[in-house]
Amino acid sequence: MRFYIKTYGCQMNERDSDSAAALLQSEGHVPADSEESADLVILNTCSVRDQAERKAIGKLGIMKRLKKEKPDMIFGIMGCMAQSRGAELLQAIPHLDFSLGTDQIHRLPEIVDSILARRGKILADERTGADTPGIDMHRADPDGGHGFSAFVSIMRGCSRFCSYCIVPYTRGLERSRDAASVEAEVRALADRGVREIMLLGQNVAAFGLDNRAPAQDDVSPFADLLERLNGINGLKRIRFTSPHPAYFNKKLIEAVTGLDKVCKSVHLPLQSGSDRILRKMNRPYTAQEYLEIVRALRAGAPEITFSTDVIVGFPTETEEEFEQTREVMARTGFDNAYIFKYSPRKGTRSAQWEDDVPVEEKERRNQVLLADLERDVRKRNAALVGRTFEVLAEGPSKRNPDRWQGRTDTFKNVVFTPAPGSAVTPGDFLNVRIVRSTAMTLYGELV
Ligand code: 5AD
Ligand code: SF4
């Protein structure tokens with residue numbers, strides 16, 4: 001069959017779609033370029049905010065028409081909505097053939113066969129361990145055919161139960177893969193030319209602790225894993241997302257700052273700068289403690305950059321508490337921030353509380369933080385003009401194909417012009433001198 005997978009949501013979903021595609025390809029199915037040209041369409045869904053669910057519901061409606069035109073088409077969902085609402089959706093939507101839960105990706109080929117044999121609708125939502133079959137499978141062309149960068153899923157689920165978050169319910173509790181199996185996967189990727197890996201997990205720094213609390217200062221199985229992967233020949237960059245600040249003990253801070261392949265850019269979700277809101281969110285750190293982690297990482301790696309997630313308009317968040325978030329953001333100095341307007345999710349603790357910050361006020365707070373960020377990053381980027389960085393070339397720039405785009409170790413986006421006639425290949429490491437900057441991009445020349 002020709003298959004098409006449409007992915008919503010986080011990088012874990014992208015990784016799962018990639019595994020699903022690899023599994024289908026290993027059974028002889030082939031990728032299609034669009035829903036219209038496919039015989040098998042799968043939506044990989046997200047539940048983290050209401051907007052994400054609404055997008056997928058809208059798409060489910062559109063699929064009805066396609067299926068009418070092509071009655072033999074198979075149509076399924078996977079991801080977080082499939083896990084939490086699969087049974088309900090299969091019942092409500094006649095044209096939906098299967099719902100594949102977050103731990104059941106390995107069953108996809110068998111489910112497709114079963115539907116082809118007209119054995120009716122299928123719901124698969126059992127939970128399994130993290131080392132499920134297929135978890136380490138990659139398509140031959142994970143990043144559009146170049147294969148210099150790959151996602152590696154190292155743990156599944158989350159046991160933190162932040163009061164606003166649906167993830168522990170949709171993805172289940174933490175289950176870590178075996179470190180040896182992760183290492184084998186990364187070695188195999190490096191052998192086939194992968195230079196950069198992104199380690200993925202909903203609570204990635206809890207790797208190896210599975211439901212145990214963050215450990216004392218000298219224990220971090222995640223730091224041990226980083227050290228193991230740092231020794232792999234051919235691999236040049238190790239990134240990871242998303243770590244919870246509570247796991248940044250001395251051992252992990254030393255690993256991140258000290259290991260040469262671990263990129264000096266950390267996504268460190270803050271969520272709020274108010275201690276009262278953090279407590280209500282069930283985030284077990286204070287603004288001071290967060291800033292202390294940032295300070296320690298900078299002390300060990302002065303060039304390190306930070307990005308973050310922030311929620312505005314959490315129930316009862318006052319203007320003053322919002323200003324505290326602004327303050328912590330200014331003191332940290334982020335290079336990027338994802339700002340979210342609070343969205344109550346059914347089944348979570350905070351959904352029991354009144355969603356009392358008006359939507360216009362959430363929007364205002366959102367805009368204020370984005371404007372702060374822009375100003376801040378613009379200033380920081382301007383200070384980099386004249387410096388030379390090693391850039392991993394990713395491909396021609398989207399805006400102007402004569403130029404190329406790449407990333408520094410610190411995850412700065414760099415646009416540069418290769419010399420006429422010179423052959424730059426995605427995955428090359430090049431030295432680029434920065435000549436100009438904006439809030440989003442550094443522009444440079446090859447040296
Ligand atoms: N409302 C708004 N944002 C949310 N996030 C998670 N749950 C919610 C919610 N209910 C945000 C958090 C998290 C990111 C992936 O999504 O900031 O870090
Ligand atoms: Fe959700 Fe909190 Fe787990 Fe992140 S750490 S996935 S916000 S429960």
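## Aromatic pairs

Y169 has a relative accessibility of 40% and therefore counts as partly exposed, since that class lies between the buried limit of 20% and the exposed limit of 50%. In this predicted model, Y169 pairs with F161 in an edge-to-face arrangement, with 5.4 Å from centre to centre and 80 degrees between the planes. F161 is likewise assigned to the partly exposed class, because its relative accessible area is 30%. A search of the whole structure finds seven aromatic pairs.

F314 and W353 form an aromatic pair that is also edge-to-face, with the ring centres 6.2 Å apart and the planes at 80 degrees. This pair links distant parts of the chain, as 39 residues separate its two members. F314 belongs to the loop between β13 (305-312) and α11 (319-332), whereas W353 belongs to the loop between β14 (336-341) and α12 (359-382). Is F314 buried or exposed? With a relative accessible area of 0%, F314 is buried. W353, by contrast, is partly exposed, at 26% relative accessibility.

## Charges over rings

K236 lies over the face of F429, at 4.1 Å from the ring centre. R436 lies over the face of Y443, at 4.1 Å from the ring centre.

## Helix α12

Helix α12 comprises 24 residues, and at 1.5 Å a residue it should span 34 Å. The C-alpha atoms at its ends are 35 Å apart, which agrees with that expectation.

Which residues of α12 are buried? They are K362, R365, N366, V368, L369, D372, L373, V377 and N381. The buried residues of this helix pack against α11 and against the strands β13, β14, β18 (429-437) and β19 (442-446).

## Residue S19

S19 is located in helix α1, which covers residues 11-26. Its relative accessible area is 3%, so S19 is buried. Leaving aside residues up to four places away in sequence, S19 touches G134, I135 and M137.

Key. Residues numbered from 1 in each chain as written. Chains lettered and ligands numbered in written order. Predicted model: local features only at pLDDT ≥ 70, side-chain atom pairs only at ≥ 80, totals over all residues. Heavy atoms only, no water. Helix = DSSP H or I, 4+ residues; strand = E, 2+ residues; numbered from the N terminus. Buried < 20%, exposed > 50% of the residue type's maximum accessible area, 1.4 Å probe, protein only. Contact = heavy atoms within 4.5 Å. Phe/Tyr/Trp six-rings, centres within 6.5 Å; stacked < 30°, edge-to-face > 60°. Lys NZ or Arg CZ within 6 Å of the ring centre and 35° of its normal. Expected span 1.5 Å × (residues − 1).
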